[in-house]
Amino acid sequence: MKLIRVKYTKWFNILRDGISRNNPIVVAVLGICSALAVSNKVENAIAMGLGVTFVIMASSLTISLIRNIIPQKVRMVTYMVVISTFTISVQAFLQAYFMQIADALGAYVGLIITNCIVMGRQEAFAAKNPVKYSIIDGFASGMGYTFVLVTVAAIREVLAFGTLLNMQVMAPTWERWVVMAMAPGGFFVLALLIWVVRELIHYYEKPEQTL
Amino acid sequence: MENIIEIIVSSLTDQNIALIYILGMCPLIAISTSVKNAKGMGYAVIFVVTLTGIINWPIYMLLKSTNSTQISLLVFIITIAATVQFLEMFLAKFSPKLYNAFGIYLPLITVNCAVLAVSLFFVNRDYTFVETAAYSFSAGVGWMIAIVLLAGIRQKINKFSNLPRGLTGKAIAFIVLGILSLAFIGFTGLSFF
C-alpha cells in the first residue's frame, strides 16, 4: 500500500524526472563537453559523475537557502561564485586522495563550473524551490548525468581497450578500436545512445525550420 | 616565431578546441541550426576568448607571485563574467549596431566552456604572454570553423534528407560532429618546419 502512494509524492516525481524523462543529457542535451571528453574510461566517468553530482547538490542547497536574499540582477554571478567554490573543493579532494584520476581528468574538473547542467538546475529549480526538494532535484540530475556518462564510457572502454574498470573482458587478441578512445568515438556512441533512449521514451524533436 | 606559427596552425587543425578537445559543445549544438547565427556566435566567441586570454594571463602571474593559484578557477570565471558584462554595456553604449548583431550571443558566452578552457590550458602549458594571445585568438577561430561547418551541413540535412524520428535534430548533429572530428584528426603530424 505504501509503495503505491510513494509514486504520487513530490520527491518521487522530481527524482524520476531527473533520471529519465528530463534527463539532462539525452533530452535536454546539456553538459556534453565533459560527458564526451572524460568518458573513454569507466573510472574517469564515475569520478566525474560523482563530482558533478556533488557540485549540483551542494550548490542547489546553498542557492536554495539564500534564494530570497539574492538580488535579481546579480543572480548569475552569485551562482557562478557558489558553483566555482564547490568545484575547487572537488578538485582539491581529487588531488589529495585520487591523484591518478585527477591527472587523467586534467582541466576537465575545473570545467564543471561551466557545465550547463549545474547552472541550469540553479536557475530553473533551486532559485524557486525549498531546500529539501532542491537537494533531491540536484541528486536526480546528477544521477541522470552519471548514468549516461558511465554507459558511454563502458561502451567506449570495452571497444577501445578491451577492458572494463581495468579488468580484461575481451579476448587478449582483441583488435583495439583506437578511434573509440578519441573524440569521434565519443560523438558516435553518444549519438546512438540518444537515439536509442529517445525511441524508448518516445521523445522526438520537431524537424527544424530552415530559412 | 616558429613556435607561434605552430601554435596557431595546430589549434586550428589537429588541436581544434571544439572537434578534438570537445569544448563549447552546448552552444555549438544549440546555435548551429543556421549558418548566419553560427557566424554571429563565432565572431562573438573569437572576440571574448582573445580578450579574456589576454586579461587572464597577467592575473594568473599575479596569483602565482602571491602563491595563491588554488583560487585561480574562481578568479578566471569572475574575470570572464565581468568581461562579458562590461563588453555588453560598452557595445550597447558606443556601438549599437554591433550590439544588435552580438546581442543575444554575448550572455551565453559566460557558460561556454571553451572560454574557460583556454584560460586553463595556457596555465597547463606554461605559455608566455605572446603565445597566450596567439593561442586564444586561434582557438576562437578554430571554434568558429567548427560551428560554421556544422551549421552548413545541418542546413543541408534538414532540407534534403529523410531521417529516422529519433535521430532528428541534435542526435544527427553528433554524428556529423564525429565525422568532422575524424577529418580533423587527419591533420595530426602536420608541420611546416
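**Figure 1. The largest nonpolar core of the predicted model.** This core contains 121 residues, in a model that is predicted. The residues with the most contacts inside the core are B:Val48, B:Ala114, B:Leu116, B:Ala117 and B:Ile147. Helix α8 of chain B (residues 129-160) supplies the largest share of the core, namely 11 residues.

**Figure 2. The packing of helices α3 and α7 in chain B.** Helix α3 (residues 35-65) and helix α7 (residues 113-125) of chain B pack at an angle of about 35°, and their axes are 9 Å apart. The crossing of α3(B) past α7(B) is right-handed. On the side of α3(B), the contact includes B:Val45, B:Val48, B:Val49 and B:Trp57, while α7(B) contributes residues including B:Ala114, B:Val118 and B:Phe122. By type, the residues of this contact comprise 10 nonpolar, 4 polar and no charged.

**Figure 3. Helix α10 of chain A.** Helix α10 (residues 183-201) of chain A has 19 residues and spans 27 Å from its first C-alpha to its last, close to the 27 Å expected at 1.5 Å a residue. Its buried residues include A:Phe187, A:Phe188, A:Leu190, A:Ile194, A:Trp195 and A:Arg198. The buried residues of α10(A) pack against α3 (32-37), α8 (131-161) and α9 (178-181) of chain A, together with α9 (170-185) of chain B. Just after α10(A), A:His202 adopts a positive phi of about 55°.

Definitions and conventions. Residues numbered from 1 in each chain as written. Chains lettered and ligands numbered in written order. Predicted model: local features only at pLDDT ≥ 70, side-chain atom pairs only at ≥ 80, totals over all residues. Axes fitted to C-alpha atoms, helices over the stretch in contact; angles between N-to-C directions. Helix = DSSP H or I, 4+ residues; strand = E, 2+ residues; numbered from the N terminus. Left-handed = near helix turned anticlockwise from the far one by under 90°. Contact = placed C-beta atoms within 7 Å. Nonpolar A, V, L, I, M, F, W, Y, C, P; charged D, E, K, R; others polar. Expected span 1.5 Å × (residues − 1). Buried ≥ 20, exposed ≤ 12 C-beta atoms within 10 Å, placed from the backbone. Core = buried A, V, L, I, M, F, W, Y, C linked by C-beta atoms within 7 Å.
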